[in-house]
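Please keep the sequence and the coordinates at hand.

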Amino acid sequence: MNFPGHTVEKIGGTSMSRLNELRDTLLIGDRKGEDLYHRIFVVSAFGGITNLLLEHKKTGEPGVYASFANAADDQGGWQMALNRVAEAMREANADILDHSGDRNQADEFVRDRIEGARSCLFDLQRLCSYGHFRLSKHMMVFRELLSGLGEAHSAFVATLLLNRAGVNARYVDLTGWRDDREFTLKDRLLSAMEGIDLASELPIVTGYAQCTEGLMAEFDRGYSEVTFSRLAALTGADEAIIHKEFHLSSADPGLVGTDAVRKLGHTNYDVADQLANLGMEAIHPKAAKTLRQNQIPLRVTNAFEPHDPGTLIDDTRAEATGAEIVTGLPVVVLELFEQDMVGVKGYDAKILEVLTRHNAFIVSKTSNANTITHFLATTLKRARRIESELSEAYPSAQVTARSAAIASAIGRDLKGQRVLMRGLQALDRAGIEVQAAQKPTRAVDVQFLLSRDDLDRAITALHAELIEGEERGKLAA
């Protein structure tokens, strides 16, 4: 399957909630005729809907999934949660769709999907009331079914909105709703795109795709970017585009100020991977890998500034050295000190095995003759369990876990920039104590370990020195 001369574009949930604005800017804007087409849009659920379906991403407040999982025999809890989803979806229909006929169609779509999900849950409860069936074995399938409801709804509403505006949009449902066929992700995408003419149709594709691989088991909420990247690769897209509600900038403008940040404009996949490692994803690393291997450039744009080219991400090397972005995140420092470690193998393997079992994400690590230190993006509570297990495995070792933060300067090429030294000096001038620092040999990032309370100030100080200061130096020259 190949559609020459097209793009595959993804719209996130926050942007999708402003769908009317997107219609008048990104989706239609000043486009006419054939210029409306040669694009494929992969959409996320409207903002907040996935939180209601699963659980709140930040607060953990239970949605339908969590309510059902925590008290499957309490029908009242999960049914109320499902009713809240239906209400939120209908509110979105009313906010976005002006035509009564479109609203009626969208409301009926919501009713069908919500009541279908409700029936599934009742059936699952009855099935698991028998001793031979265990609810835990079905929960991931149930989680995927719920996730698909959000994307199916937003894609359907977007298609109605565009059709009403005269665009030949086609709703492409990858969620497998009432589909008894078993597809791999590749086959699901190929089947869905069969017969579509990109010269005269605008496909609106669900971000969730039901497949035998089970996207949520590996990617959880990052599945839509995996769908997006695989679709770009399979259709031979000229470019993959992610539309956000902001530009990819040199730092968080809320920290360093909107006047101080700079749009990146151009960077590469090495930088994108480092950003993902620090929790500031331009794109999921697995999705980036797919695009990179298929030599498809990625563009990150502001969805509401359609004439701005945004930031291009490809494999091009930097024309000039220097830091491009400063960011950071809270971490837990897990340190194992063992006097007898010198020259003995196996410590690393055991620590990694424990970290993997506890699903602790490794941001970075250091080691010397008798100490191995991991910097983890995890909770302190989970780190304490890891600490306890490693202490049992190595009773003569000293194992500690404590809260800290990493601030990092990232760029395509930091060679010869003295970024480590300049960063240390900038942090010292700001009165920030640096507990550790390192510059890996690939020279795409520099990391500074410091107190969590100092993270925001550290990002501001590093940005002022390495981004703003560099720019002032070029102007003076």
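**Charged pairs and nonpolar cores**

Aspartate 112 and arginine 178 form a salt bridge, with 3.7 Å between the closest N and O atoms. The two residues lie 66 positions apart and link distant parts of the chain: aspartate 112 belongs to helix α6 (residues 100-127), and arginine 178 to the loop between β3 (169-172) and α8 (185-193). Arginine 178 is exposed because its relative accessible area, 65%, is over 50%. Aspartate 112, at 28%, counts as partly exposed. The model is a predicted one.

In the whole structure, a search finds 27 salt bridges. Another of them joins the side chains of aspartate 273 and arginine 292, at 3.5 Å from N to O. Here aspartate 273 sits in helix α12 (residues 269-277) and arginine 292 in helix α13 (residues 285-293), 19 residues apart. Both are partly exposed, aspartate 273 with a relative accessible area of 29% and arginine 292 with 26%.

Between arginine 422 and glutamate 465 the N to O distance is 2.9 Å.

Next comes the nonpolar interior. In soluble globular proteins, nonpolar side chains tend to be buried together. The largest nonpolar core has 107 residues, of which Leu19, Ile204, Phe228, Leu291 and Leu298 touch the most other members. Helix α7 (residues 139-164) contributes the largest share of this core, 12 residues. A second, separate core comprises 23 residues, including Ala405, Val446, Leu450 and Ala458.

Leaving out residues up to four places away in sequence, its contacts include Phe228, Ile241, Tyr269, Leu291 and Leu312. Strand β7 (residues 298-302) has five of its five residues buried. In a regular strand the side chains alternate between the two faces of the sheet. In β7, Leu298, Val300 and Asn302 point one way, Arg299 and Thr301 the other, and all are buried.

β7 pairs with two strands described here. With strand β5 (residues 239-244) the pairing is parallel, over five bridges, and lysine 244 has asparagine 302 of β7 as its bridge partner. With strand β8 (residues 311-314) the pairing is antiparallel, over three bridges; valine 300 stands opposite threonine 311 in β8.

Definitions and conventions. Residues numbered from 1 in each chain as written. Predicted model: local features only at pLDDT ≥ 70, side-chain atom pairs only at ≥ 80, totals over all residues. Heavy atoms only, no water. Core = buried A, V, L, I, M, F, W, Y, C linked by side-chain atoms within 4.5 Å. Buried < 20%, exposed > 50% of the residue type's maximum accessible area, 1.4 Å probe, protein only. Helix = DSSP H or I, 4+ residues; strand = E, 2+ residues; numbered from the N terminus. Contact = heavy atoms within 4.5 Å. Pairing = 2+ DSSP bridges. Salt bridge = Lys/Arg side-chain N within 4 Å of Asp/Glu carboxyl O.
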